[in-house]
Amino acid sequence: MDIIFNPPRGEWNRYFSRRSDDDDTIAAAVGRIIGRVREEGDQALVALAESIDGVRLEYIEVPPQVREKAVAAVDADLRAALEIAAENIRRFHKAQLGDGVDIETMPGVRCIQRSVPVERVGIYVPGGTAPLVSTVLMLGIPARVAGCREVVLCTPPSRKGVVVPEIIYAAQLCGIERIFLAGGAQAVAAMAYGTLTVPRVDKIFGPGNRYVTKAKQMLSVSQVAIDMPAGPSEVMIMADDTAVPAFTAADMLSQAEHGTDSQAVLLCTSRSFAEQVRREVDSQLAALPRAAEAGASLGRSHIIVMDSPADMVDFANGYAAEHLIISMEDAWEVAGRITSAGSIFIGNYSPESAGDYASGTNHTLPTAGWAAAFGGVSTDSFMKKITIQELTPAGLASLGPTVTRIARAEGLEGHARAVEVRTATLNHE
């Protein structure tokens, strides 16, 4: 990784961009997959599993007997770890439930807002080189906390044409009873349209590669709601000389190992710290099992030295990182000035890995700069807000002139008369 010193503000955008040059090619391929699943349903899922995943499926929905056998095969230590993580996630997301709003905005005018769970949600859990067992917990638990009636899960088949046991066990912890062997854009399309086997859902959640992300974006235009725009995982670290170079390097590599298109950015205050981190990265990378993926990712990554802490904050807000680690002497004060980040980690002993797995916060977060406009998944993500209003006769009499005046300013006479036809009756009572 190159070390960049005090880049001019006019050049910051080049470091903020995460766009891929092959976006049009991916969109065309995803469009074909979506069309095929819409027309052929289950038949398309089976054919695409064979052509894309190299697997001949014996079934699309994982049968109960297979789930039971898989659960029994999960290592006891991993079961215990998943149970602790699940409890922390459940506790944090339950705390997010609110009581709604019930207020009289003026005498005789009552306005209510209540939260209602999304009826049917679909969860996508990536498989491939790193099956994300933790994603099952991060999405399944808040869905159940919110009270969603139906929760289904799609995940790619392994090379043996099965779901890894750990994903099935995590699904059981969340109360997810239906699991389908479908990956990539075809899984998103199946949940959006429904097939003979896979039910249609109202909203789709979950991370994925560029094909999954593009499918979600394309289908969200007219067919299904999605959690948020998302892409490859990323981390930004803000560090001064109170940070530990070995910790910082490990955090960069923990994101880089996600895949070749992930990114890690270090903002620091000195050349000496930057060079120490770069040496640590090289040393730790050599011992990393996923060194090939991490090494390719580091080619997209940066170490940036800035003299001004204020510039570091402005740069971090402009980048809008999915994960932001602040290892600085005044970390909480810096965090108070951050306005765009998916999730923030404070201090030398708060690795991003804790949030990825078990602290309780959600790891499904906006990437690619979308943290400027989106927050991460929460219990609210699985709810919709419904408002209710009731006006008494006196309330309508009081509010009516305001409504009719605005309606006529907009040229909507029918709106005004809908009020006046009622107030006229009140005047004769």
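## Sheets, helix packing and burial

Cys111 stands opposite Gln389 in strand 14. This is a predicted model, in which local features need pLDDT of at least 70 and side-chain atom pairs count only at pLDDT 80 or more, while totals for chains, interfaces and linings use all residues. Residues are numbered from 1 along each chain as its sequence is written, and side-chain values use heavy atoms, with hydrogens and water left out.

Helices (H or I, at least four residues) and strands (E, at least two) are DSSP runs numbered from the N terminus, and two strands are said to pair if DSSP finds at least two bridges between them. On that basis the chain has 17 helices and 14 strands. The C-alpha trace spans about 85 × 60 × 45 Å along its principal axes.

Six strands form another open sheet, in the order 1-11-10-9-12-13, and here the pairing is parallel. Strand 1 (3-5) and strand 13 (341-346) stand at its edges with a single partner strand each, so one side of each is left without a neighbour in the sheet. Neighbouring strands of this sheet are turned by 20° against each other on average, direction ignored. Helix 13 (residues 309-319) packs on the sheet, touching strand 9 (234-239), strand 10 (263-268), strand 11 (302-305) and strand 12, and its direction makes about 170° with that of strand 9.

| Strand pair | Sense | Bridges |
|---|---|---|
| Strand 2 and strand 3 (residues 109-117) | antiparallel | five bridges |
| Strand 3 and strand 14 | antiparallel | nine bridges |
| Strand 12 (residues 321-327) and strand 13 | parallel | five bridges |

**Helix 2 and helix 9.** The axes of helix 2 (residues 23-40) and helix 9 (residues 210-220) come within 9 Å and cross at roughly 70°, which makes helix 2 roughly perpendicular to helix 9 (angles under 35 degrees count as roughly parallel, over 145 as roughly antiparallel, 65 to 115 as roughly perpendicular and the rest as oblique). The contact involves, among others, Ile26, Val30 and Ile34 of helix 2 and Tyr211, Met218 and Leu219 of helix 9. The residues of this contact divide into nine nonpolar, one polar and three charged, where Ala, Val, Leu, Ile, Met, Phe, Trp, Tyr, Cys and Pro count as nonpolar, Asp, Glu, Lys and Arg as charged, and the others, Gly among them, as polar.

**Helix 6 and helix 7.** Helix 6 and helix 7 pack at an angle of about 15° with their axes 9 Å apart, which makes helix 6 roughly parallel to helix 7. Residues making this contact include Val136, Leu137 and Ile141 of helix 6 and Ile167, Ala170 and Cys174 of helix 7. The residues of this contact divide into nine nonpolar, one polar and two charged.

Buried means under 20% relative accessible area, exposed over 50% and partly exposed in between (1.4 Å probe, protein chains only). The buried residues of helix 7 (residues 165-174) are Ile167, Ile168, Tyr169, Ala170, Ala171 and Cys174, and their cover includes helix 4 (64-72), helix 5 (76-94), helix 6, strand 5 (150-155) and strand 6 (178-181). Helix 7 is followed by Gly175, whose phi is positive, near 80°. In helix 6 (residues 133-146) lies Ser134, which is buried at a relative accessible area of 10%. Leaving aside residues up to four places away in sequence, Ser134 touches Asp356, Tyr357 and His363.

**The chain overall.** Of the 429 residues of the chain, 48% count as buried. Among contacts in the chain with a separation of 6 or more, 75% are accounted for by residues 24 or more positions apart.

Notes: Axes are lines fitted to C-alpha atoms, for helices over the stretch in contact, and angles run from 0 to 180 degrees between N-to-C directions. Contact means heavy atoms within 4.5 Å.
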